[in-house]
Amino acid sequence: MIGPSPRAQPFREDGAVALLVALVSLLLLATGALAVDLGNAFARKRLVQTEVDLATLAGGAELPAADAASKATAVAAVLDYLQRNATFGQDESTWTVGQLQDTDTANGEVVFDSANRMRVTAPPATVDFGLAGALGFSSVGVSAVAAAEIRSPGVLMPMWLPASCGVGAVLGDTGPSGAGDPSPETANPTPKDNRLGLSSVIPTTAAYGASVTLTATLTKLPPNVTTADILFTYGTSTQVNYPVPAFTRTTPTNNNRTVSITVDSRVTNTAGTWQMWARAKDGYAKTSVDFTVEGAGTLECSSSQRGNFGQLDSPRINGGTKQTRYALNLAIGVDHSFVVHPTPSSNGGECTSSAPSELDNAPARDGRNCVNADEGNDGPGLTEGLLAGVSGYPGRLANNSGGSCGRTPIVFDKVTSTPLNNDVLSCFLPTGYTNASIASGIGPTTPQGVLSQAIFDSPRFVWVPVVGCADRSCKGDLAIKSFASCFITDEGLASSKAATDATSSNGITLNDGDTQVSSVQLMCFDPAALPETTTSASGGMPYLGSGTRIVSLVE
């Protein structure tokens with residue numbers, strides 16, 4: 001008889017559970033160790049990021065850096081900040097300018113993407129691991145990257161100024177293209193000697209306020225003369241006469257004489273294009289030679305002019321009709337960058353279709369150094385761009401209508417129901433200064449940085465290209481000579497923070513029906529009066545090459 005089978009013994013898991021607990025515990029400890037050490041590494045990286053952000057801003061304050069010397073200055077500023085603010089795990093005593101310029105990002109590097117933009121990689125900080133060391137991880141290096149660039153505050157307006165009107169009160173009206181008188185109207189001294197001439201004039205330009213020695217050849221002089229004059233004329237009434245030193249007596253066959261004169265401040269204190277005329281025995285040469293004074297102009301441009309500035313036909317990235325893009329450029333600023341032409345006075349200030357000229361043709365592109373200039377200003381475009389708005393954008397003066405100066409907004413109710421900004425330039429001056437303090441010329445006498453940074457928040461602050469041509473009647477493709485800092489206002493030079501002479505329309509004149517802008521007035525001033533740098537202005541535009549710089553981190 002077979003007995004019952006023995007019952008199978010249950011499988012015991014006591015040991016497996018213990019093993020599992022041990023393995024999980026080890027894994028949890030390792031994970032915790034990594035979490036602690038990696039958390040420390042991330043915290044250190046944040047410190048390094050803050051360090052390199054501020055070091056980059058310190059270097060950015062030295063931009064633009066277009067040559068080796070200026071780049072070295074910017075790199076030195078970065079290194080100085082890094083060394084004085086090094087964090088744990090960095091050996092700042094070993095860092096050098098050369099190290100930051102050796103193209104090896106592993107030990108820190110400064111790279112210049114352009115003259116106006118730089119990128120900094122911080123030297124790494126070593127983070128030593130603690131608990132994670134038991135897992136074979138001894139340390140890790142953490143670094144960070146930051147980039148900074150400089151921009152110009154404000155916007156570039158689609159207007160242009162002749163070289164003779166870069167400072168002081170300037171006016172633009174809506175006369176049709178070609179309607180304005182030349183700047184200045186040319187004198188025509190009489191009587192004429194149709195044989196007499198003037199040639200080989202060197203130089204034909206002078207800096208504002210300077211004295212220059214000029215040589216010229218008087219041709220076909222009358223016989224038996226030993227003296228002559230060179231007359232400079234500007235406009236219809238301004239004349240400066242220079243007697244030339246006595247020369248050997250002329251004969252019918254020996255009648256050319258090369259002479260020298262010193263052209264002084266009587267001429268060079270008025271910027272623009274003068275005419276030079278030879279004179280002998282009370283007769284003047286039939287034709288003249290142009291002589292251009294470059295630099296700051298008189299406080300107001302020639303009173304014979306209808307207007308001192310015209311409009312630019314500048315393309316926009318998204319295209320549009322001529323009037324629409326003009327109005328948009330007024331309302332929100334030109335949407336691509338411009339730079340100064342390397343030879344703005346060559347060829348009479350006109351650009352050619354070849355290098356170094358970069359014409360402002362469609363499609364819109366950065367780095368243009370020429371503008372497409374018209375003489376007049378488009379009334380409907382001015383009205384939309386400055387007041388009524390265009391393509392969903394408010395008019396320029398409809399922004400910040402409350403203003404920074406606490407002045408009652410302007411209302412042009414036949415144009416727009418929106419109250420308009422009414423700031424004045426003198427509002428941003430400190431007590432004791434007038435507009436004349438900053439708009440009487442460009443040079444060392446201008447008080448530096450006296451204007452408040454709040455000026456950048458006013459929609460009336462704008463930049464306007466100044467072209468190499470000194471005549472308001474110029475048109476076509478013109479070379480950019482500089483950029484004028486201007487303010488839309490009809491204030492005079494005597495206005496101050498305490499008292500302004502601005503009218504109720506403050507620089508905007510409407511037509512007889514009060515439905516359209518007929519003229520705009522600006523006060524242009526020395527950019528040196530603006531703060532050197534600012535962080536208060538938002539956005540800005542690509543740096544113009546001079547004037548206030550917005551230094552900011554990018555990316």
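This is a predicted model: local features need pLDDT of at least 70, side-chain atom pairs count only at pLDDT 80 or more; totals for chains, interfaces and linings use all residues.

Analyst: Let's start with an open sheet of three strands, which run in the order β9-β11-β14 with antiparallel pairing. The edges are β9 (197–202) and β14 (257–263); each has a single partner strand, so one side of each is left without a neighbour in the sheet. Ignoring direction, neighbouring strands here are turned against each other by 30 degrees on average.

Now zoom in on one pairing.

On to the nonpolar cores. The largest has 36 residues, and Leu-451, Ile-455 and Phe-525 have the most contacts inside it. Among the elements that give it two or more residues are β20 (461–467), β23 (517–525) and β21 (476–488). It's β21 that brings the largest share, four residues. Leave aside residues up to four places away in sequence, and Leu-451 still touches Phe-525, Ile-438 and Pro-531, among others. Apart from that core lies another, of 30 residues, including Ala-206, Ala-216, Tyr-242 and Val-293.

One more strand to look at is β26 (residues 549–554), which pairs with β5 (residues 145–152) in the antiparallel sense over five bridges. There, Ala-148 has Leu-553 of β26 as its bridge partner. β26 also pairs with β24 (residues 533–534), in the parallel sense and over two bridges, with Thr-533 standing opposite Arg-549.

Definitions and conventions. Residues are numbered from 1 along each chain as its sequence is written. Side-chain values use heavy atoms; hydrogens and water are left out. Two strands pair if DSSP finds at least two bridges between them. Axes are lines fitted to C-alpha atoms, for helices over the stretch in contact, and angles run from 0 to 180 degrees between N-to-C directions. A nonpolar core is a set of buried Ala, Val, Leu, Ile, Met, Phe, Trp, Tyr and Cys residues joined through side-chain atoms within 4.5 Å. Buried means under 20% relative accessible area, exposed over 50%, partly exposed in between (1.4 Å probe, protein chains only). Contact means heavy atoms within 4.5 Å.
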